[in-house]
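Welcome, and please take a moment to look over the sequence and the 3D view. We will then walk through a few places together.

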Amino acid sequence: MLALHFPSDPQVSPDGKQVAFVLTRTEEEDLRQPDPAYAKPRLRSQIWHSDGGPATQLTRGEGNDASPRWSPDGKTLAFTRAASGAKAQLYLLPLSGGEAQRITDFGQGVQDVQWSPDGQSLSFLSAGDDEDKRDERGEARIITKPRYRFNGRDWLPDTPARLWRYDVATGELMQWHAPAVELTGYAWWPHSGGVVFASSTDETAASQWQQELFTLTLAGEVTQFGRWNASVSTLAPHADGQRVVVTGRPEGKGSPEDDHLFVLHADGTWARLDAGWDYPVAPLVGGDCHVGTFPARPVWHGESLLALSTVGGSCGLFRVELGGTVTAHDHQPEGVISAFTSAGGGLALIRESATQFPEVELNGKAVTNLHGRLPFAVHTPERVTFSTDDGEGEGWVLLPEGDARVPALLSIHGGPHTAYGHAFMHEFQVLAARGYGVAYSNPRGSVGYGQAWSSGNYGRWGSVDYDDLMGFFDTALAAHPRLDGENAAVMGGSYGGYMTNWITGHTHRFRAAITDRSICNLVSFSGTSDIGLRFWHDELGLDAHRSADAEQLWAMSPLKFAEAVQTPTLIVHSVLDHRCPVEQAEQWYAALTQMGVPVRFVRFPGENHELSRSGRPDRRIHRLEEYLGWLDRYLGAGKTEKGV
């Protein structure tokens, strides 16, 4: 873990011939402090650069550097730097030589930095010098909005971040727009006369993921652009200034609906561009080596778009014509492109596979060799298909070296509308190196297999998905006799944690379970999760605040079946997880304790729902140690391959 270097945010230069990106590594704290045993590894990021050859480090300042953004003339790089415990500030680095110039000094830092296409302005979001120290001062916090906490951010500010503009020529910094409701994304119009942004008309609409597009002129005038009233993931304005393409779901469609491309016009009309494409337009294959920002905004190339799409367990770059034709631009059926940018005929991206660590590419050539730094051997998974009522499902088995039988682990992904597949999974490699065989699959509810499969568990969590997982596991055991089905464990995070809890309440076939950032009580989740006000309506067609629906939610809650659980269970949860709140773990721990089930509860401070993917390195290591300790105790592999 400590040897891994994580690439992110690949930004191609305007002429398409260079790339700037972020590389994040682990760095020890000052070992000269009185007790070196307390020195903890921390993440540190810098900007790297390549013109087609091996990448070299570009920034070396104190703190964490991120968000590299090329000026339109390619002569200046804007970036953010967070140093000495302060929030990230905006800097400008002349690429001809010289020191970086600091532009901002805001108490709350800056984010989402963008150049105007004419290069005259820089825009960004910031809460300025707003300060919220109510908790530190012991003051009461008055809550009047439906959304007040969010995963990864904790308390939401009373006043949303404002949009600011910096005049490059004069050095003038001005507050451009103060939205009543938070901006969730924005982009400059190609004519540089302003931006188009996504927001909601009020806080209630925001809590229901109902968004609209708005235009903002240089003079600060705001007007609504068309009518959408639904989710917006990314937005890409066309050069004609009359239309905007968004990725999202139309009004009335919930989270089981795959994201697609829609073109919106100022007159309120809209149309889906990829109507014949039955795969989500988004990078949704899960990996645990994604630290940082991964741009996926569609890019206009004349009258067509380049966009990422998840197909099975892969994610590739596809070209979408305005007539609706979708063709592969760069798609490897056993690979994943997790981020990209395109300009000047050039293309920068991050590519990985189940056996290849993420690398940065510029115009088809890798400019990093991060895989070569790995201090461990990489195991290769084998594909396994399984049968369901709705057709063939897909999964994989990752085995240790050798011919001996090994304990079997059934791992379940979160979402549920994500996918396992061809992304690099450090966790799986650790488990295989320890002597475990890992079986993982995409049951109904997973994405990448068409809309019918994505919504296959709508309204019926714990039914067809349970059948698919058990059916896949049996098929994997039959296909790989080295897997010892009598010495097996089940594990998963988020929705995968929900399914782990559900499974142990409905079968005793597993000797151990690990439930991570899980859900056990669907009723209480509705009132405590940052997405709870809308989530069950989308996923199950139910509302926890209607008595009849609450009974159905309780019927799908693992907690209802806790008295049937006998499987020794490790519970892992982060205190600042607002997606699946820690109260879910507390309820599950209390229930299993009451039932006399062997249980261990590991709570991580200072972490949120993303601990396993981008958490602090020492805490990620502790989490994996807890996993291995629990599995070794009940399944007894505990053999590490030589050199790992």
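Helices here (H or I, at least four residues) and strands (E, at least two) are DSSP runs, numbered from the N terminus. The axes of α3 (residues 426-434) and α12 (residues 617-634) come within 11 Å and cross at roughly 35°; axes are lines fitted to C-alpha atoms, for helices over the stretch in contact, with angles from 0 to 180 degrees between N-to-C directions. On the α3 side, the residues in contact (heavy atoms within 4.5 Å) include Val430 and Leu431, and among their α12 counterparts are Leu624 and Tyr627.

A word on what you are viewing: this is a predicted model, where local features need pLDDT of at least 70, side-chain atom pairs count only at pLDDT 80 or more, and totals for chains, interfaces and linings use all residues. Residues are numbered from 1 along each chain as its sequence is written, and side-chain values use heavy atoms, leaving out hydrogens and water.

Serine 67 has a relative accessible area of 18%, so it is buried (under 20%; exposed is over 50%, partly exposed in between, with a 1.4 Å probe and protein chains only). Beyond residues up to four places away in sequence, serine 67 touches Asp9, Val22, Ile47, Ala78, Phe79 and Thr80.

Finally, visit phenylalanine 601 in strand β38 (residues 599-604). Phenylalanine 601 counts as partly exposed because its relative accessibility is 21%.
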